[in-house]
Amino acid sequence: MSATPSLPTPRTDAGIAGLAALLEQPERAMLAFDFDGVLSPIVDDPERAFAHPAVVPVLARLAPRFQALAIVTGRPAEVVVRLGGFADVSALAGLLVVGHYGEERWDARTGEITAPPVAEGVESVRRALPRLLQEWGAPSGTRIEDKGRAVAVHVRQTADPAAAAELLNDRLTALAHDHDLVAQPGRMVLELKPAGMDKGAALRSLVAEVGPRGVAYTGDDLGDLPAYDAVEELRGEGLAGLLVCSGSTEVTALAERADLVLDGPPGVVAFLEALAARLDA
Ligand SMILES: O=P(O)(O)OC[C@H]1O[C@H](O[C@H]2O[C@H](CO)[C@@H](O)[C@H](O)[C@H]2O)[C@H](O)[C@@H](O)[C@@H]1O
């Protein structure tokens, strides 16, 4: 017989209260997750960033227990649904997926995506980028990811990602501003996206819609910091909150603020399995 996995103890009082609220009233709590680096291990090719194999099974165990499960991603919602394998999983029929930092919403029941029109600047940037990257001397391995509603420039596959980011990030940020876009830094990536939406606004909007008493958010990257801010604000408004970090050596800003730091996507899966086991016990 296998032993029930043990739940880690959050390192803050607020986190201990947040986890207790999830365990005491899961039917009044929402679990929200980032995708890349949290539910899916970081890989070189964004198109191959499939969810950790244990993610769908454990989310399917948790879904009937919790008021809501949500994914809040910087990716297009459709991409995350595909890479995650979330479509057509009956236990996940209520899964909430918001893409592009909250601009897009996937409906699990119909498979449809709701979104505003694409910002004009995105098309101009998409056209200009290949030539500009060449002019700026972007090193071999620099990759453009056309996200439809945003454009990302990846340096993970260059020989020296830090040097490539040093060369490109200020230029890309100026380019974003010239086209009424904003620059969103991430793990060896800089994204040019429309202003006005971030994961904090997206999470608050989900909380307003679902109405939980407790919320846990798990992130790993700089784009998740506004969601951390939102959880802290919600705590101030009386909700129980748990800040979870999928830890890495690439970004440490979340680990400094988190109640619970886990060891990357395998650590996130182990935590969710322990949560499910505790609720099943
Ligand atoms: O909000 P997220 O779901 O975390 O999306 C953030 C970015 O994730 C992707 O890039 C990251 O993951 C890639 C695949 O593992 C990796 O190659 C890259 O270095 C990471 O930055 C995605 O490609 C970006 O568009 C997202 O903005």
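Let's start inside the sheet. Ala29, Leu31 and Phe33 point one way from strand E1, Met30 and Ala32 point the other way, and all are buried. Buried means that 20 or more other C-beta atoms lie within 10 Å of the residue's own, exposed means 12 or fewer, and partly exposed is in between, with C-beta atoms placed from the backbone. Strands (E, at least two residues) and helices (H or I, at least four) are DSSP runs, numbered from the N terminus.

Some ground rules. This is a predicted model, where local features need pLDDT of at least 70, side-chain atom pairs count only at pLDDT 80 or more, and totals for chains, interfaces and linings use all residues. Residues are numbered from 1 along each chain as its sequence is written. pLDDT is the predictor's confidence in each residue, from 0 to 100. The chain's mean pLDDT is 96, with 99% of its residues at 70 or more. The scores are ipTM 0.98 and pTM 0.96.

Back to E1. Why is E1, residues 29–33, described as largely enclosed by the rest of the structure? Because 5 of its 5 residues are buried.

Now its partners. Two strands pair if DSSP finds at least two bridges between them. E1 runs parallel to E10, residues 214–219, with 5 bridges. E1 also runs parallel to E2, residues 68–72, with 4 bridges. Take methionine 30. Its bridge partner in E10 is valine 215, and in E2 it stands opposite alanine 68.

E1, helix H2 (residues 55–62) and E2 form a right-handed β-α-β unit. Right-handed means that, with the strands pointing away from the viewer, the path from the first strand over the helix to the second runs clockwise.

Zoom out to the whole sheet. It is open and mixed, with 8 strands in the order E5-E4-E3-E2-E1-E10-E11-E12. E5 (113–114) and E12 (260–262) are the edges; each has a single partner strand, so one side of each lacks a neighbour in the sheet. Where is the antiparallel pairing of E3? E3 (residues 96–99) pairs that way with E4 (residues 104–107), over 4 bridges. There, valine 98 has arginine 105 as its bridge partner.

Last, packing. A nonpolar core is a set of buried Ala, Val, Leu, Ile, Met, Phe, Trp, Tyr and Cys residues joined through C-beta atoms within 7 Å. The largest has 60 residues, and Met30, Ala32, Val97, Leu203, Tyr217 and Val244 touch the most other members. Another core lies apart from it, with 18 residues, including Val125 and Leu181.
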